Amino acid sequence: MKYITQDIINIGVSDFEVDLFEGQYSLPNGIAYNSYVVLDEQITIFDSVDNRFSKQWLDGIEKATGGKAPDYLVIQHMEPDHSGSLHDFIKKYPSTKIVANSKTFTMIDRFFCIDCQLDTFVVSDGQTLCTGKHSFTFVFAPMVHWPEVMVSYDSYSKVLFSADAFGTFGVYEENQQFTASEWAEEASRYYIGIVGKYGAQVQALLKKASALDISVICSLHGPALRENLPDYFALYDTWSSYTAEKQGVCIVYSSAYGNTQAAAKLLYDKLSEKGCDVLIYDLARCDKARAIADVFRYDRTVFASITYNMSISPYMHSFINGLVERNFQNKKVAFIENGSWAPAAQKVMKGMLEKCKDITYLENSVTVKSALEQSSLEAIEKLVAELTQ
Ligand code: FEO
């Protein structure tokens, strides 16, 4: 059992079995589904876990409570990674009051055919539940990450139960030491991939949270955050306001026979030589979520694609769609295109980015007509100069 405070225990589980989270995000170090027990005059549980871990979670509840039935189960988020064990919980604890908002109860009906009358406590935004020493205020956080999401603030322990917010992929060891910037590597892949579209809603939640005196953030994924909390809030403010976290260039490319790759790599080498912070991703082979996160984190992006079927590489097409649907904005952008007889990639890529706000296109771009030659080499030199000026 992992103690958050002397009477708050994380009884969540670690999942090293699932290959792709939400069917798309790789998990090289697994993922944690956190669930919390708060021991007080009345016992409260926050959220459940994926249904593959129901038994382990129910055993954890029993151990933490000493066999007492919980008085409340608070459901902050209905995505199945957190609600999947709800049905098994209700079968075991039919008298426990289910605490959630009205949107959540609608989703419970849609996800589960509950064959008994639930004892419910329907909460409104800002409503409080007192269980003895602890007093929980429920703060609605719609679209961080689903519409029913709410977070809960315990004024006694100063713990913010933050639902998906401040979560991350990966399983941390108990007492593992880490800095906010180390946490940010996977947390940015998680945040930008999953919640990146909803920056305005995250900003609204941060505004509400700024009024609270918070000692510990307990999210539904990853470690409890206890130290240097302003650093984590600053990262979330940066990501959710679509402000670049890093000054540097992210090059993303898709190549057919290596010539577009050669142009992208030459640009990478020349920028590196000049001391620029630069990353490069082959979109056919990289972790797309990693590349999306880094494109959001860096202030400049270079897109390099072949012309294919008078459009662009399908990998680049899918990648740019992934950026646009996450509200990609506020960047400097340049292009490298390749086309042996009718290069069209730049026009197509620019057209796809038309919906994005505050994109500044660099004056220089590179057109390769098959392989690198004198004019495309000169164009790369000019692009390097503009990217580093
Ligand atoms: Fe971890 Fe949106 O569920």
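This section describes the overall dimensions, sheets, nonpolar cores and selected loop residues of the protein.

The structure is a predicted model, in which local features require pLDDT of at least 70, side-chain atom pairs count only at pLDDT 80 or more, and totals for chains, interfaces and linings use all residues. Residues are numbered from 1 along each chain as its sequence is written, and side-chain values use heavy atoms, with hydrogens and water left out.

The C-alpha atoms fill a box of roughly 80 × 40 × 35 Å along the principal axes. The secondary structure comprises twelve helices and 23 strands, both taken as DSSP runs numbered from the N terminus (helices, H or I, at least four residues; strands, E, at least two). Of the 389 residues, 54% are buried, where buried denotes under 20% relative accessible area, exposed over 50%, and partly exposed the range in between (1.4 Å probe, protein chains only). The accessible surface amounts to about 16800 Å², and 48% of this area belongs to carbon and sulfur atoms; accessible areas come from the Shrake-Rupley method with a 1.4 Å probe, and for residues only the protein chains shown count as cover. Contacts are defined by heavy atoms within 4.5 Å. Among contacts between residues at least 6 apart in sequence, 71% join residues at least 24 apart.

Strand 14 (residues 150-154) and strand 15 (residues 159-161) run antiparallel and are joined by three bridges, with Ser-152 opposite Phe-161. Leu-129 is located in strand 12 and is buried, with a relative accessible area of 6%. Beyond its neighbours within four places in sequence, Leu-129 is in contact with Tyr-72, Val-99, Phe-121, His-134, Ser-135, Phe-136 and Phe-138. Of these residues, Val-99 is 30 residues from Leu-129 in sequence and 9.4 Å away in space, C-alpha to C-alpha.

Strand 17 (residues 246-254) and strand 18 (residues 278-282) run parallel and are joined by five bridges; Val-252 stands opposite Tyr-281 in strand 18. The chain passes from strand 17 through helix 8 (residues 259-273) to strand 18 in a right-handed β-α-β crossover, meaning that, with the strands pointing away from the viewer, the path from the first strand over the helix to the second runs clockwise.

A nonpolar core is a set of buried Ala, Val, Leu, Ile, Met, Phe, Trp, Tyr and Cys residues joined through side-chain atoms within 4.5 Å. The largest such core has 96 residues, and those with the most contacts inside it are Phe-166, Trp-183, Phe-303 and Phe-328. Helix 5 (residues 180-194) supplies the largest share of this core, eight residues. Excluding residues up to four places away in sequence, Phe-303 touches residues including Val-252, Met-316, Phe-328, Phe-335 and Leu-353. A second, separate core has 21 residues, among them Val-278, Ala-304, Val-368 and Leu-387.

Several loop residues are exposed. Trp-341 occupies the loop between strand 21 (331-338) and helix 11 (345-352), and its relative accessible area is 79%. Asn-175, in the loop between strand 15 and helix 5, has a positive phi of about 65 degrees although it is not a glycine; Asn-175 is exposed, at 67% relative accessible area. Asn-309 lies in the loop between strand 19 (298-308) and strand 20 (311-312). The phi of Asn-309 is likewise positive, near 55 degrees, and its relative accessible area is 71%.

Terms used:
Pairing = 2+ DSSP bridges.
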